[in-house]
Amino acid sequence: MSSARWEHFPHGADMGVRGIADTKEQAFEQAALAMIAVVTDPATVNAREPVAVECEAPDDELLLVDWLNVLVFEMSTRRCLFGRFEVKIEGHRLTATAWGEPVDIERHQPAVEIKGATYTALRVRQEKGQWIAQTVVDV
Amino acid sequence: MELSLLKRRSDFEWEIAPHGAMRVPGIIYASEDLIREMDHKVYEQVVNVATLPGIVKASYAMPDAHWGYGFPIGGVAAFDPDEGGVVSAGGVGFDISCGVRCLHTGLNVDDVMPVQKALADMLYHKVPAGLGSTGTIRLSPEQMDAMLAGGAKWAVDQGWGSAADLDRIEEHGQMKHAKPGNVSAHAKKRQRDEMGTLGSGNHYLEVQKVAKIFDAQAAEAFGLHVNDVVVSIHCGSRGLGHQIGTEFLKKMAIAAATHGITLPDRELACAPINSDVGEEYLGAMRAAINCALANREIITHLVREAFAHVLPKARLPLLYDVSHNTCKVEEHSVDGKPRKLYVHRKGATRAFGPGHPDIPPALRAVGQPVLIGGSMGTGSYILVGTEAGEARSFSSACHGAGRAMSRHQAYRTWKGRQVVDELATRGIVIRSPSSRGVAEEAPGAYKDVAAVVDAADVAGLARKVARLEPLACIKG
């Protein structure tokens, strides 16, 4: 069974998002879920429409920020929320599919919109056999 | 923050002596209580900013400083381009030119209270708020560029807002040297449907009453009397500014090494003012300032429409509009010599003292209005810039209360409904699409704004003029 999970950590006015999993890809997927959970309960999002995204950055940490920011951009311009992710990382390049649906104010009760992922408390690393991918998102 | 790390210059001024790579001292303006409550990260960030090339005099933190991104929120730093000075995307923040504007209404509490709920409903109906909300304005690529070059002046030319407003906005409503061509297609796409929207988080639109006057002369000049009703709008450059911040943070982080800049923290990403990336950012950031000014002008138009429906006798001239996330070129006297500096204010409000040429003529003799937002329960303040402020902090003051509790903790502590009901018993009407959003913005999640403005007042950064209390609040 996969031990993949996400959690939040406090950051003054904003929110830290952390993905923990056996693989880097899964940790990135979990970090994205943690970011969704800043806005709404991910379980309320019907993951029905796929959106393909990709990004590239010189290292893992910048790649995590880029990944989260690509999602922020897609959610902002499509006015949607995502509920499921599938990530592939090859070298410095990430390709992924995110599944979601248009924002439903009543059902999703979105708490806040995300302005962007920052470099604060940014870490992507392997600890005790588990990948941790985390950063702070500005809301 | 540990008091032992600081040298007490006075009861409201604390110094971090230069050490390590610091080029200048750090200076924090706050009471001893506020310093004790401040996150240690503020100390680290003030120190880190002090290491950046070309920084002039000191790395400052305002009384509401808290842990930010690279720069503390509540951070002020000025850089000299002729000494290798830098411009920093993190030193401006994601919500470029986020700010507050305050409108008179010509009404008093007795005029408004009988229609308080109807007014709140109409404002909520007229001004799009919250995630996923869109305005009715769709800009073509040509219109987008015109907006990014023209700011509030562009909005007025399109029929949103009034020409008389422009005098009461920083830069007369139009930031010069904006380069719409430096703004990416992604940033423009994010803004396409967002003109005239409030956003979410700590952004708000409030109907407020003047609860107390501290400085009769300045209040008279500002046209404020006890029980007057005013409207305050707090929002910024929306998706466009967020996207520009995101993109340039990365560009500057990658380019720093090529400019020979060692970053103690990636979030301090910056570039020399005299460099391609630096100039590109300044052009894009100024376009985002125009976006914020246009946005607040359009919202003002919508507010006036709402009042016309509910309280037709209201007249809503603009008192002032001031931003608190910017980098601006200003002339400041340093050791008796005038110098042209790039002043970063990240969660800090410009506070020009009396006589400054950039203050509207009608207000120039008393000083620039400094608009400070509180939480939806505790009230807001209007201050005025002081002469002493220039030497203290390049004419800068605080910008708000700052959070005392994380969003997560607030959401676990309160329910949105409970917050709305509690505020209703105090005569404050809340309208918001998100119950969770209201819970996370609960008044108890914020620090005491009174302590922050008291510290700004006693430290001489800006002087208290009036306290405002909310009657109705629209939250995104």
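# Questions on two chains

Colleague: In the hairpin of β1(A) and β2(A), which residue takes a positive phi?

Modeller: This is a predicted model, where local features need pLDDT of at least 70, side-chain atom pairs count only at pLDDT 80 or more, and totals for chains, interfaces and linings use all residues. Residues are numbered from 1 along each chain as its sequence is written, while chains are lettered from A and ligands numbered from 1 in the order in which they are written. Strands (E, at least two residues) and helices (H or I, at least four) are DSSP runs, numbered from the N terminus. The hairpin has two residues between the strands, and the positive phi, near 25°, belongs to A:G12.

Colleague: In which sense do β1(A) and β2(A) run?

Modeller: Two strands pair if DSSP finds at least two bridges between them. Strand β1(A) and strand β2 (residues 14–21) of chain A are joined by seven bridges. A:R5 stands opposite A:I20 in β2(A). The sense of the two strands is antiparallel.

Colleague: What is the strand order in the open sheet of three strands in chain A?

Modeller: The pairing in this sheet is antiparallel. Because β3 (49–56) and β4 (80–90) of chain A each have a single partner strand, one side of each is left without a neighbour in the sheet. Eight bridges join β3(A) to β5(A), residues 93–102, and A:V51 stands opposite A:A98 in β5(A). The order is β3-β5-β4.

Colleague: At about what angle to β3(A) does α2(A) run?

Modeller: Axes are lines fitted to C-alpha atoms, for helices over the stretch in contact, and angles run from 0 to 180 degrees between N-to-C directions. Two residues are in contact if their C-beta atoms, placed from the backbone, lie within 7 Å. Helix α2(A) lies across β3, β4 and β5 of chain A, and its angle to β3(A) is about 140°.

Colleague: Is A:R79 buried, partly exposed or exposed?

Modeller: A:R79 lies in the loop between α2 and β4 of chain A, and has a positive phi of about 50° although it is not a glycine. A residue is buried with 20 or more other C-beta atoms within 10 Å of its own, exposed with 12 or fewer, and partly exposed in between. A:R79 has 13 C-beta neighbours inside 10 Å, so it counts as partly exposed.

Colleague: How many residues of α1(A) are buried?

Modeller: Helix α1 (residues 24–39) of chain A reaches 24 Å from its first C-alpha to its last, close to the 22 Å expected at 1.5 Å a residue. The expected span is 1.5 Å times one less than the number of residues. This helix is largely enclosed by the rest of the structure, because the buried residues number 14 of the 16.

Colleague: Which element gives the most to the side of chain A that touches chain B?

Modeller: Contacts link 29 residues of chain A with 37 residues of chain B. On the chain A side, β1 (5–11) and α2 (60–78) are the elements that give two or more residues. The element that gives the most, with five residues, is α2(A).

Colleague: Which are the edge strands of the open sheet of seven strands in chain B?

Modeller: The order in this sheet is β1-β2-β3-β4-β5-β13-β12, with mixed pairing. The twist averages 25° from one strand to the next. Each edge strand pairs on one side only, and these strands are β1 (7–10) and β12 (325–334) of chain B.

Colleague: Is B:C102 buried or exposed?

Modeller: B:C102 is in strand β7 (residues 99–108) of chain B. Beyond its neighbours within four places in sequence, its contacts include B:V230, B:L319 and B:I382. B:C102 has 26 other C-beta atoms within 10 Å, so it is buried.
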